[in-house]
There are 2 protein chains.
Amino acid sequence: MSTEQPAAPTLEHVAAVAGVSRATVSRVVNGIRNVAPERREAVERAIKATGYVPNLAARSLVTKRTGSLALVLSEPAKHVDDKSSGGIVSDPFFGRVISGVLGALRPHGLHPMLMVVDTDEDRDALVPRLRQDGIDGVLLISLHPGDPLPVRLTEAGVPTALFARPARPAPVSYVDVAHRDGAALAAAHLVERGCRRVATISGPLDAPAGLDRSAGFREAMARHGRPFVPSVEGNFTQLGGERAMERLLAEEPELDGLFVGNDLMALGALGVLRDHGRRVPEDIAVVGFDDSPAALSCRPQLTTVRQPVEDMGAEMVRMVLAAIAEPGRGPTSVIFDPVLVVRRST
Amino acid sequence: MSTEQPAAPTLEHVAAVAGVSRATVSRVVNGIRNVAPERREAVERAIKATGYVPNLAARSLVTKRTGSLALVLSEPAKHVDDKSSGGIVSDPFFGRVISGVLGALRPHGLHPMLMVVDTDEDRDALVPRLRQDGIDGVLLISLHPGDPLPVRLTEAGVPTALFARPARPAPVSYVDVAHRDGAALAAAHLVERGCRRVATISGPLDAPAGLDRSAGFREAMARHGRPFVPSVEGNFTQLGGERAMERLLAEEPELDGLFVGNDLMALGALGVLRDHGRRVPEDIAVVGFDDSPAALSCRPQLTTVRQPVEDMGAEMVRMVLAAIAEPGRGPTSVIFDPVLVVRRST
DNA sequence: TTGTATGCGTTATCAT
DNA sequence: ATGATAACGCATACAA
């Protein structure tokens with residue numbers, strides 16, 4: 001790794017310094033009980049003196065495990081021309097997930113391998129690749145609606161944890177947020193604010209998040225005695241939010257309350273509302289979902305439903321680590337409670 | 001890595017199938033010339049038949065190299081309370097860098113280890129950690145102004161490439177953008193738009209990017225016959241931009257042109273301008289820097305200076321790979337040209 | 001050009 | 001409780 005470092009100390013060196021055998025040093029390093037206290041102490045001194053650190057390659061060669069995880073970001077094939085996006089890695093939302101993952105990994109002294117797969121070739125090559133690299137487990141963040149990866153990883157016997165329930169049911173562990181509860185929070189808030197004519201802009205209904213939030217909102221409104229909620233389907237983008245808002249405004253001019261399936265669309269909706277001279281929140285109250293950075297930077301700042309994303313990322317880590325430690329036990333799921341963050345838009 | 005996979009094929013297996021020795025197979029795998037064409041072909045068939053993939057741990061044990069890189073994100077110690085940020089990984093700008101890095105790594109079949117260091121302990125532990133993991137090179141993205149990492153990595157002999165010129169000079173390779181040229185682009189544009197009273201909100205002047213953009217803008221304005229440019233120092237945040245704008249407006253009410261050191265501050269400035277009833281671009285033209293996603297989502301969309309961030313990330317990869325292949329040769333730097341993206345704010 | 005033999009640093013099995 | 005010793009899968013110096 002460098003030009004001319006002094007050779008790294010090995011078990012052998014430490015053993016020599018401590019006056020014991022390699023095996024004993026190994027036992028100390030791996031925390032095995034059967035070592036006499038005084039010997040152990042001598043070994044620990046020797047380790048500190050030599051600055052010994054285990055050679056992971058050698059260890060992995062014999063144990064067949066690297067003790068390392070892969071953080072896989074899977075997205076549909078990118079169009080060559082959309083250079084501006086930067087892909088999923090530049091999405092602040094997934095940045096939070098990653099942040100949570102790293103935080104949970106830190107105490108274990110682990111660092112994940114970062115892999116982005118956005119082509120079918122990549123997806124085909126992934127499992128063999130993981131084998132070659134000796135990856136022990138996978139943290140999978142997928143945007144691909146019909147992503148084959150969850151199933152493939154499971155079938156390959158790779159300990160895996162997913163962020164968000166997969167679109168196609170599969171026997172794989174995942175974390176998710178209670179989308180319906182989040183939507184219910186928004187509904188209760190709008191009702192309490194005195195909104196009489198409430199509508200919603202939903203995400204794509206073939207995505208679990210889009211569907212659950214939309215359905216959850218209508219259910220909750222029904223529970224509040226509002227059986228019918230005008231709704232327009234968007235696509236989770238700002239532009240989609242703008243278009244949906246235009247349509248909604250045409251269909252329901254009397255609107256005074258709005259729940260939007262995510263902040264990005266809410267941002268678009270806010271712009272259109274301003275263009276139409278509707279004041280937020282005086283004329284119409286708006287609630288988003290995600291608590292993205294945009295919710296803070298827009299005017300007025302957006303009331304929104306926040307997911308404990310970092311906690312969810314941390315839980316994913318726990319899941320794979322557990323799956324690695326105890327193979328053979330079935331998949332788990334943990335659903336987190338969302339929180340309503342009230343700001344100026346309501 | 002799994003429950004009960006059939007044992008992975010080894011060199012030995014392939015050799016048996018091909019009817020040659022391990023060494024010959026190894027030569028084929030590593031692309032060494034001295035192999036008879038027919039034997040080579042037989043070996044290649046055998047490899048395909050067995051589905052052989054090299055065991056990286058074993059290879060690394062003998063070669064002392066893993067062929068893998070670390071993507072290190074170094075940031076100042078985080079405050080415990082700012083949970084919302086998600087840290088550097090959720091910054092869209094660095095998302096683009098990462099995207100460029102991954103793109104350049106892909107043809108080599110490499111995936112970086114993702115490491116975030118945001119404490120002094122982390123920084124101290126980094127070099128030994130890299131040694132232990134057998135990391136061959138480091139792609140370092142640092143926000144820390146006085147970050148000791150560039151120097152330490154260099155001294156440790158770790159092939160390293162930096163994103164952006166380090167605040168403290170150090171013999172380390174880096175990529176950067178020509179900040180001054182970018183600022184000059186903005187200046188020329190504002191002058192051409194007919195702005196008479198032009199001011200600037202700069203980033204922190206102790207950061208290279210803050211200083212260079214500010215100085216570059218004033219120089220360029222001087223070249224256009226404007227010797228004096230009112231200036232207020234911000235801190236690269238949206239809130240900082242708001243405060244700076246308030247001060248600037250108080251000092252220079254006649255303002256009709258503004259260059260802001262980054263988009264985030266420009267966003268804040270736009271909000272304040274709106275609050276003060278100033279129309280953009282009719283009353284005042286605004287130019288940002290970075291071409292962040294916010295530049296597209298704000299109203300009006302922001303004219304801004306774009307860095308070829310993905311290309312810069314890719315160049316970093318080239319740098320470390322070159323440094324690994326040919327140790328001992330000195331550091332390099334590559335400076336990229338920025339581009340002015342004209343939108344509605346001017 | 002090809003094969004043989006050695007060693008890389010660990011863990012794990014076996015005696016002791 | 002401790003110490004030899006045999007793998008682990010590969011690259012490479014050397015012999016042929």
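Predicted model: local features only at pLDDT ≥ 70, side-chain atom pairs only at ≥ 80, totals over all residues.
1. Strand β9 (residues 285-289) and strand β10 (residues 303-306) of chain A run parallel and are joined by three bridges. To find one end of such a link, look at A:Gly288, whose bridge partner in β10(A) is A:Thr304.

2. Now widen the view to the whole sheet. In chain A, six strands make an open sheet, with mixed pairing and the order β7-β6-β8-β9-β10-β12.

3. Helix α11 (residues 263-275) of chain A lies across β6 (198-202), β8 (257-260), β9 and β10 of chain A. Its direction is at about 155 degrees to that of β9(A).

4. Next, a helix pair in chain A. Helix α8 (residues 179-192) and helix α9 (residues 208-223) of chain A have axes 7 Å apart and pack at an angle of about 45 degrees. That angle makes α8(A) oblique to α9(A). The crossing of α8(A) past α9(A) is right-handed. On the α8(A) side the contact includes A:His179, A:Arg180 and A:Asp181, while A:Phe217, A:Glu219 and A:Met221 are among the residues from α9(A). By type, the residues of this contact between α8(A) and α9(A) are 10 nonpolar, three polar and five charged.

5. Chain B also has a sheet to look for. Its six strands form an open sheet in the order β7-β6-β8-β9-β10-β12, and the pairing is mixed. β7 (231-233) and β12 (339-341) of chain B are the edge strands, each pairing on one side only. Here the twist averages 20 degrees from one strand to the next. Strand β6 (residues 198-202) of chain B runs parallel to β7(B), and three bridges join the two. Within that pairing, B:Ser202 has B:Glu233 in β7(B) as its bridge partner. Helix α9 (residues 208-223) of chain B packs on the sheet and touches β6, β7, β8 (257-260) and β9 (285-289) of chain B, its direction making about 170 degrees with that of β6(B).

6. How do the chains meet? In all, 52 residues of chain B are in contact with 51 residues of chain A. Which helix gives the most to the side of chain B that touches chain A? That is α5(B), with six residues. This side of chain B divides into 26 nonpolar, 18 polar and eight charged residues.

7. The axes of α4(A) and α4(B) come within 8 Å and cross at roughly 145 degrees, and the crossing is left-handed. A:Ala57, A:Ala58, A:Ser60 and A:Leu61 of α4(A) make this contact with B:Ala57, B:Ala58, B:Ser60 and B:Leu61 of α4(B). Six of the residues are nonpolar, two polar and none charged.

8. Finally, the DNA. DNA strand C is surrounded by 25 residues, the closest being A:Leu11, A:Asn55, A:Ala58, B:Ala23 and B:Ala36. Elements giving two or more residues to the surface near DNA strand C are α2 (22-29) and α4 (56-63) of chain A, along with α2 (22-29) and α4 (56-63) of chain B. α4(A) gives the most, with five residues. The residues of this surface are 13 nonpolar, eight polar and four charged.

Technical notes:
Residues numbered from 1 in each chain as written. Chains lettered and ligands numbered in written order. Pairing = 2+ DSSP bridges. Helix = DSSP H or I, 4+ residues; strand = E, 2+ residues; numbered from the N terminus. Contact = placed C-beta atoms within 7 Å. Axes fitted to C-alpha atoms, helices over the stretch in contact; angles between N-to-C directions. Near = placed C-beta within 6 Å. Nonpolar A, V, L, I, M, F, W, Y, C, P; charged D, E, K, R; others polar. Parallel < 35°, antiparallel > 145°, perpendicular 65-115°, else oblique. Left-handed = near helix turned anticlockwise from the far one by under 90°.
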